[in-house]
Amino acid sequence: MERKPKLMAIVSRQGQGVHAERIMIDRLSNLPDPIAHHIFSFVDLKDIVRVGCASKRCRQFHLSTPTLSFNFNEFPDIKKSPCSKRLEVMNSLDRLLAHRRNDKLKRFHIHWVPHNRYVEDCSCDESFRIMTWVYDAVRCKVEELDLDICVHQETPLALSSFMFLCDSLRSLSVNMKCVLKAPPLDSSSNLKHLNLREVCIVDEEFFTWISCCCKCIKELRLHDIYGVQNITIESSSLESFVFRCPGLSAGCNLNISGEKLESLHIYWGNVFLDRKSLLNLFAPNLKSLIWSGSLFSHQNVGKLTRLEKAELSLKVKSGKEFDIIYEILCSMPEVKVLILHKEITKVLKETLPSS
């Protein structure tokens, strides 16, 4: 049976009418911190700030909540507003993080669209402010950091590698046009999940850092990255790898080695086989393979004897390409579920003799 909050009623009679004044007892202030924080995790930032104004105890809750989301969509009135209005909002977010001091952050999410996307001749230096929020999150020993920032400028931002040196960080997602350099190879990381989208990686040493310094990484997702031609991942802990980079179509070599790798999703966009590209795969315990787009000019997938499910959606334009696909199919003799898309099945019917 649902319990209703207790009400204090003051009843007075005036003539024939009855008037009642109800005073709600503050139940939130009496909740244990973990329960209050769990409730706040479902509340928008604006409402969290409003609740923080209700009482001293509520202010403690809203300043110490372990989940924070700075979502641009929560401030629709500042899209085309003057720079001064945007500055007020960003200052309030600055204060919120500053007043937290060093209270631990479990998750910090930023979804932001810069002012210069909507207003010409904008003087807001929002990129710098956003990076200060990231620094504050690292200071608060954040565990999950999610950066979804629409950068509206020709020159990508230079994103410092300081985030990777945060010992508490377990999950990092970066969806923004930026330039990323490799952290020092003598550093260590506790990252388990890494998701990079539209990031320019300036040197191959970044993947060497992942292979050598990320001993706990389980999931790696690369979407539309650019700037490198050789990607080598050698990991004893990696379990899932997603590579969706149709733009890296010329001269890219992809080398993947993982004893524990169980799930692999490749979307490759090499439309010309004469452009040299190479896939080397060593994943003896692979269970799930999704491969779409185009073939590499050369591929070596080894023996996938533990593969349970494979889905191939590859462009086949010649008999040479079909021979390559046939070799790939021969490498998975024990596959339980095999999905071949229509381009492959069409060539298959034309190539194999009819019974």
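**The chain as a whole**

The structure is a predicted model, and its chain holds eight helices and 18 strands. Of the 355 residues of the chain, 41% count as buried. Among the contacts in the chain with a separation of 6 or more, 53% are made by residues 24 or more positions apart.

Rolling a probe the size of a water molecule over the atoms shows where empty space is left. In this model, about 300 Å³ of space lies in the largest pocket, and 15 residues line that pocket, with Val 49, Ser 92, Leu 93, Arg 95 and Leu 96 lying nearest its centre. Three helices, α2 (45-52), α3 (56-64) and α4 (83-100), each supply at least two residues of the lining, and α4 gives the most, with six residues.

On the side of α2, the contact is made by Ile 48, Val 49, Val 51 and Gly 52, while α3 contributes Cys 58, Arg 59 and His 62. The residues of this contact between α2 and α3 divide into four nonpolar, two polar and one charged.

The buried residues of α3 are Cys 58, Phe 61, His 62, Leu 63 and Ser 64. What covers these buried residues of α3 includes α1 (33-40), α2 and α4.

**The largest cavity**

The structure holds one cavity of 30 Å³ or more, and about 30 Å³ of space lies in the largest cavity. The residues that line the largest cavity are Leu 264, Ile 266, Leu 279, Leu 281, Leu 289, Trp 291, Val 301 and Leu 304. Two or more of the lining residues come from each of β13 (263-268), β14 (278-282) and β15 (288-293). The lining of the largest cavity divides into eight nonpolar, no polar and no charged residues.

| Residue | Relative accessible area | State |
|---|---|---|
| Cys 200 | 12% | buried |
| Glu 198 | 30% | partly exposed |
| Lys 141 | 54% | exposed |

Cys 200 has its place in strand β8 (residues 193-201), and Glu 198 is also found in strand β8. Leaving aside its neighbours within four places in sequence, Cys 200 is in contact with Cys 178, Val 179, Leu 180, Tyr 226 and Gly 227. The C-alpha atoms of Cys 200 and Met 176 are separated by 9.6 Å, although these residues are 24 residues apart along the chain.

Most residues other than glycine have a negative phi. Against that background, phi of Glu 198 is near 60°, a positive value in a residue other than glycine, and phi of Lys 141 is near 55°, which is likewise positive. Lys 141 is found in the loop between α5 (126-139) and β5 (144-149).

Key
Residues numbered from 1 in each chain as written. Predicted model: local features only at pLDDT ≥ 70, side-chain atom pairs only at ≥ 80, totals over all residues. Heavy atoms only, no water. 1 Å grid on protein atoms, 1.4 Å probe; cavity = no way out; pocket = protein on both sides within 12 Å on 5 of 7 lines; lining within 4 Å. Points joined across faces, edges and corners; volume = space filled by probe spheres on them. Helix = DSSP H or I, 4+ residues; strand = E, 2+ residues; numbered from the N terminus. Contact = heavy atoms within 4.5 Å. Nonpolar A, V, L, I, M, F, W, Y, C, P; charged D, E, K, R; others polar. Buried < 20%, exposed > 50% of the residue type's maximum accessible area, 1.4 Å probe, protein only.
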